[in-house]
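Work through the exercises below with the sequence and the coordinates at hand. Each task is followed by a solution in steps.

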Amino acid sequence: MSGLRRFFTPAALVWLVFAVLLFAALSVRETIHDPQLRAAGVTEASIVPDLWLPVFRFSPSTLLEMHGSDDLRVLGFGLLPADVSDSPNPAAGSAGAPWRVSLGWFALLMVVIEGLLGLRYAGVDEKLVRPLVRAAGIFLVIWSFYGHEPFWDWMLHGIFPSSPDLLYNSNTVISLAGQHLTLVIISSILTVAIGLALGILVTRAEFREFLPLVSDVVNSGQTVPTLAIVAIMAPIIGFGFWPAIVALILYGLLPVVRNTIVGLEGVDPAMIDAARGMGMTPSQILWQIEVPNASRIILAGVRTSVVINVGTAALGAYVGSGGFGNPIASGLNQAIQPWVLLGALSAALLAILLDYILGRVEYVMTPKGLIIER
Amino acid sequence: MIEFQNVVKQFPDGFRAVNGLSLTVHDGEITVFIGPSGCGKTTSMRMVNRLLSITEGRILVEGRDNRDYPAEELRRKIGYAIQQIGLFPHMTVLQNIAVVPRLLGWEEDRIRKRVDELLELVGLDPDVNRDKYPRQLSGGQQQRVGVARALGADPPIMLMDEPFGAIDPITREVLQDEFLEIQKRISKTIIFVTHDIDEAIKMGDRIAILKDGSLVQYDTPDTLLAKPKNRFVRDFVGADRQLKRLGLLRVRELMTRDTPNVSLRASTDDARRAIEAAAVKSAFVVDEDGVLKGWVDREGLRENPDSLLDAMNEGDFREIGVRQSATAREALSAMVARGFRITPVVDERGALVGSITLRALQELADQGWVEGEQAS
């Protein structure tokens, strides 16, 4: 009995409720209103998506593209029927493809996983597996909704019942999400690398004189409007992916650099003195003492930077870098409101999702000794 | 052995924190550096493990100029404990203590054994505390871990910069006593920096008083208190230096063993004879096991000439006697409190082993005082 209670942790119960809701919604079939989906032969579908597994693949146009499950072959899951094509509208989600798993089953799987973890770590102070499993589960759920065109059709039709156009006409939501996420991930990785390096460098005694200079430059990076940076970069680097990345880096650098500096400067000098006195080398002091103790503040900066980047990346549409900026820009140009809303909602959802995931990562990466209370 | 040879420390702004310091820190002793703020005591200490560079002169560590060692290697063989403790909050107690052993590349088994041994040495239960984080410990416990960490790789030398300075007075006393006990066993060569003269007198085998970067006096605590070299030292050690000095001396070393005493069963005549023979005013009364039961004086014998039991003043040995291990200062305090000129000394069971007189203590103080005056 107590085992059962430990199995049904709050998280497992939430997944269970979610699974029940999904299965209930599955029986409801909605009429499709979007002209393209109808043209593709989809006239009726459930709004409950199937599970879409994200797959990274390299392509020549962008460095990295993030896709839905149509590329499962790449990772060799061996589940994908050979006839699934890269059509612009694999809307189809629920139509055909018998191997696809309804999200309801995935939610049930999460109930089992969370429950087993609950049993495994009952009463144990565990801060690695559980937060990451949960973050991954939530990511997959959101990602599946991005991949399910009928869901967006249903939602946009509900908001704009009289609009003839609903879904963005030149790309699927999932590939916009892939492009957007790619922009954010690549720019964030570079931002964090550059920001950390700068922050660490100017807090070293030898380079401390550059601290005011670096913080000025980094500050000004954020005062210049992003659109202006994008516009300036385009003639220099060309259109496409990279000018957007440069703009995102410049824009996202401030929180990372500032928090790195604040975090490292905030490390108790007595601790560093003790470390030196015990015979640690400067690099040992940096990586074993200073960075772990500043990690919380540094990670908070990274999180802020990434969330800012999700919003800023929408501007990349003006230089052709793709992402959720595309439906927004086109929608504004052609006065098609559902497109604007589609882009804005999806980007906002992505920002919330990444903020949540990074929050979990922050929790996992902060040393236990810094969180623990007496 | 650590030897300072004409050591000078001049900071980039021209300030001379240490100005030609020469002294020898002896093996297995606690040498206290003390002086007012800015006297250069911490600066001098920090030059030993080269946390600060030496401007002129040199410091020999185990006979070698400390600049001949690579800085990190030198520091790893010198334990280091500071007032702020500086425990690493993201590491467990075990990881904190294991820092230097790991830097030295010890095997995990050996490190674990060493950590448990050290935790026991500083009075913390290894099983309870090994995996705790510093935030889960009290200030006193943290400083115990700090001391254990400084002892991590069993360094022959330790530098301690006001290690008990930030701890409440009661815990500080306890930690001081415990550390002295530990030092008896491990006999490290220790430089101990403090600004608290009482701590210096208690902890130090030798005390170096510094002022404006120069050594003023370097002596044992007793000599320092008995013969302060000049007015500065005398002011620094305080007006109560004679009392402090009495705090250094044990009753065991000062007491006289042939104390007039009579048995409970003795007659009043025996008691009177004993008192007269010793030409004193009173004698102590003991039972057949020698345990102190009270005292009898001439007046009491006059008023109750028939029974010793009626003539004597009864008193528990815990109240009227002082232990052999007590300090002379405690004996003095006991005499002042009870208005006696003599106090009996007892062993652990309460048996009378001797006595100590006010006069003896006064003579001791006079001796020091006079010589001290002459020296200044």
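**Exercise 1. Determine how exposed A:Arg134 is, and describe its salt bridge with A:Glu114.**

Step 1. A:Arg134 has a relative accessible area of 24% and is partly exposed. The classes are buried, under 20% relative accessible area, exposed, over 50%, and partly exposed in between, with a 1.4 Å probe and protein chains only.

Step 2. The model is predicted: local features need pLDDT of at least 70, side-chain atom pairs count only at pLDDT 80 or more, and totals for chains, interfaces and linings use all residues. Residues are numbered from 1 along each chain as its sequence is written, chains are lettered from A and ligands numbered from 1 in the order in which they are written, and side-chain values use heavy atoms, with hydrogens and water left out.

Step 3. The closest N and O atoms of A:Arg134 and A:Glu114 are 3.0 Å apart, and the two residues form a salt bridge. The criterion is a side-chain nitrogen of Lys or Arg within 4 Å of a carboxyl oxygen of Asp or Glu.

Step 4. Helices (H or I, at least four residues) and strands (E, at least two) are DSSP runs, numbered from the N terminus.

**Exercise 2. State how many salt bridges the structure holds over all chains, and examine two pairs in chain B.**

Step 1. The count over all chains is 28 salt bridges.

Step 2. B:Asp65 and B:Arg67 form a salt bridge with an N to O distance of 3.5 Å. B:Asp65 is buried at 13% relative accessible area, whereas B:Arg67 is partly exposed at 38%.

Step 3. Between B:Asp269 and B:Arg272 the N to O distance of the salt bridge is 2.9 Å. Both residues lie in helix 14 (residues 268–278) of chain B, 3 residues apart, which means a separation of about one helical turn. B:Asp269 is partly exposed at 40% relative accessibility, and B:Arg272 is partly exposed at 28%.

Step 4. Salt bridges with shared partners also join B:Arg114, B:Glu117, B:Asp154 and B:Lys188 into one network.

**Exercise 3. Find the backbone feature of B:Asp154, and examine B:Ser187 in the same way.**

Step 1. Most residues other than glycine have a negative phi.

Step 2. B:Asp154 is not a glycine, yet its phi is positive, about 55°. Its place is the loop between helix 7 (139–150) and strand 7 (157–161) of chain B, and it is partly exposed at 44% relative accessibility.

Step 3. B:Ser187 is not a glycine either and has a positive phi of about 45°. The loop that holds B:Ser187 runs between helix 8 (169–186) and strand 8 (189–194) of chain B. The relative accessible area of B:Ser187 is 43%, partly exposed.

**Exercise 4. Which residues of helix 1 of chain B are buried, and what follows the helix?**

Step 1. The buried residues are B:Lys41, B:Thr43, B:Ser44, B:Met45, B:Arg46, B:Met47 and B:Val48.

Step 2. Helix 1 (residues 41–48) of chain B is largely enclosed by the rest of the structure, because 7 of its 8 residues are buried.

Step 3. B:Arg50 follows helix 1 of chain B and has a positive phi, near 60°.

**Exercise 5. Locate B:Gln324 and list contacts that it makes.**

Step 1. B:Gln324 sits in the loop between strand 15 (322–323) and helix 18 (328–338) of chain B.

Step 2. B:Gln324 is buried, with 15% relative accessible area.

Step 3. Contact means heavy atoms within 4.5 Å. With neighbours within four places in sequence left aside, the contacts of B:Gln324 include B:Arg250, B:Val251, B:Arg252, B:Met255 and B:Asp347.

**Exercise 6. Describe chain B as a whole, from secondary structure to domains.**

Step 1. Chain B has 19 helices and 17 strands, and 52% of its 376 residues count as buried.

Step 2. Along the principal axes, the C-alpha atoms of chain B fill a box of roughly 85 × 55 × 30 Å.

Step 3. The domain assignment, which is automatic or from a database, gives domain 1 (2–238) and domain 2 (252–361) of chain B. The centres of these domains, taken over C-alpha atoms, are 45 Å apart.
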